[in-house]
Structures are given as C-alpha cells and as structure tokens.
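Subject: Structure for you to look at

Hello,

Please find the structure below. My notes on its pockets follow.

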Amino acid sequence: MPRKRILVKSIDTSISYQVVGIDLAKHLVSACLITGAGEIFGIDRLTYDDLLKSAERMSPTLFCMEPCPEVHYLAEKLQGYGHHTKVIDGAAVKEYIKTHFGGQKTDLNDAQAIAFLSLDTNLPEITPKNTSNSVLSSIQAVREQFRKEYIQSFVSLKGICQRWGLPISKGVMNKNKVEELVSESKKIPQEVKDWLLELLQSCRELQKRLNKISKYLKEYADNDEICQKIMSVPGIGPITATRLKATIGDIQRFEKPKSIVAYYGLVPKSKATGHNEKKAA
C-alpha cells in the first residue's frame, strides 16, 4: 500500500508534481497528485474549470486518465498548456484497486491507481484523438445512431404489420412498396394505418439524414490523402476509411503492421503451459 495521502481542497500550483492522476466524472473530477519527493495529495472533488485553471499555471506535468468521452477534449486542452497526457486502460486500474486497495473502489482510489500506473513504462497507452479525428468519429457516431433508429423503426413497422396479418418479407426494403402494401391492406384498421404511415415517413427522414452524412464522408474521403491510401485496399470504401482514420490516428505510433491488427483485437489468443503453446481464435 502506498504511503498515506494528504487530502486537500485545491491544487497548489507552486508545487512541482511528478504526475497527476485524474478520475473523470460528468461534472467533477477526483485528482491524486504525486510530487517528486513521493508526497501524495488527494482532491476528492474538483470542477473541470478549476482543474484547467490550475493546469494553466502549473509547470509541465504528466496528467494521466482513463478512457471516457471527456478524455479527448481534456487531453487536448492540457497539451495546449504544455503538459504531457497519458491514457491507460481501465482494466489495469481495476486490477490495481483489487491488489492495492483490497477492492475498495472510490473516486480517490481510482485517481491514485491511475497516478501510480502512469509511472509503469511497460503499460500500453491509449492515444487521445485530436480535433480532426474527433470530428470524424463524432460524425460517424451520429451516422451510426441514425442507422440504428432507421433499422429499428423499419423492423418495428414490419412487426406491427405482421400482427394484422400482413407479413412483409425481409427482402422488401423499398418504402414506396411498403406504403402501398399498408395503404391497400383491408386487414389493418385505418387508425393503425395512419400511424404506420407516420412511422414510414420517419424512416424516410432518417434515410435522408443517412444519405446526407454518407455523402459528406465520401467527399471527405475523396479529398483526404490518408483515406485515399486506405481505400486502395480492396473492399474498403469511404465510410470504413474515415472510421479507420479516426480510430488509428497517427500511424507512426505502431511499430509494425501487425501492431495495427492487434490494436483491433484481430490476433489469436496464446495459451502456454510448460513448452506447449496453443493459439486460439
């Protein structure tokens, strides 16, 4: 167990810190600050604004966090103030809490675990997205949400039609054809038809939004050198190319081609005992 931490209410910017571990929440953060002499200061609650104001006045420091939606924005702001940032996997933090804090998970314990784990040079890092890649990933996320809503709405519509004895085959995706089948059906009550047609109109609107986003991503890929290189691989189009660019980031951080494959988890699991090793998919 590390030495006892000292609880404080704010960051003393006159002190030079070796590392600052941050446990991020929606509106507040918990922080653990370790000095070069090994002193440990803990802040249970700190607003994002107060954290950034203090960071602006601090000497260059290593800030370490777990991956979450806020981490990309925060890392970019901290780097702008001259600090270094590091993002580590939450699984390592969970294991540290189990072995060093007896499984007692609190925000401050998480922050302290993050701070000490950041000093482990063998622990893999997660690279935060820059602004350009964050834009791409955000647009991809919006597109995925529209796609899910579209599929759910269309599947729901078909299910309701089947309830009234109007089965629509899986291959029928043309909305004009579905509208014709619903409108001409004598089995479905008129009040149900009206709402089914409203649902179908919602599907049309979602399809328009999907097409608009897909068009934007295609234009982006057609004018981006990196996406053009990715699309030179057979079977990869603009949607996949922009997604890969957003997730890979700086390709120079990968030592070899196999590292990129491993980044996406496309490697066999290795199980070895004695001199026998087995590879499992």
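Which helix gives the most to the lining of the second largest pocket? Helix 9 does, with 3 residues. Please keep in mind that this is a predicted model.

The second largest pocket has a volume of about 290 Å³. At least two lining residues come from helix 8, which spans 225–231, and at least two from helix 9, which spans 238–248. Among the residues that line this pocket are Ile226, Ile230, Val233, Ile236, Leu244, Ile248, Ile251 and Ile260. Lys245, Gly249, Asp250 and Gln252 also belong to the lining of the second largest pocket. Sorted by class, this lining holds 8 nonpolar, 2 polar and 2 charged residues.

The largest pocket comes to about 340 Å³ in volume. Two elements give two or more residues to its lining: strand 7, at 125–126, and helix 10, at 257–263. Helix 10 accounts for the largest share, 3 residues. The lining of the largest pocket includes Glu125 and Ile126, along with Ser259, Ala262 and Tyr263. Asp89, Pro124, Thr127, Arg253 and Phe254 line the largest pocket as well. By class, the lining of the largest pocket splits into 5 nonpolar, 2 polar and 3 charged residues.

On the general idea behind such a search: rolling a probe the size of a water molecule over the atoms shows where empty space is left.

When you open the model, you could start with helix 9 and the second largest pocket, then turn to helix 10 and the largest pocket.

Best wishes

Terms used: Residues are numbered from 1 along each chain as its sequence is written. This is a predicted model: local features need pLDDT of at least 70, side-chain atom pairs count only at pLDDT 80 or more; totals for chains, interfaces and linings use all residues. Side-chain values use heavy atoms; hydrogens and water are left out. On a 1 Å grid over the protein atoms alone, a cavity is a set of points where a 1.4 Å probe fits but cannot get out, and a pocket is an open set with protein on both sides within 12 Å along at least five of seven lines; lining residues have an atom within 4 Å of a point. Grid points are joined across faces, edges and corners, and a volume is the space filled by probe spheres set on the points. Helices (H or I, at least four residues) and strands (E, at least two) are DSSP runs, numbered from the N terminus. Ala, Val, Leu, Ile, Met, Phe, Trp, Tyr, Cys and Pro count as nonpolar, Asp, Glu, Lys and Arg as charged, and the others, Gly among them, as polar.
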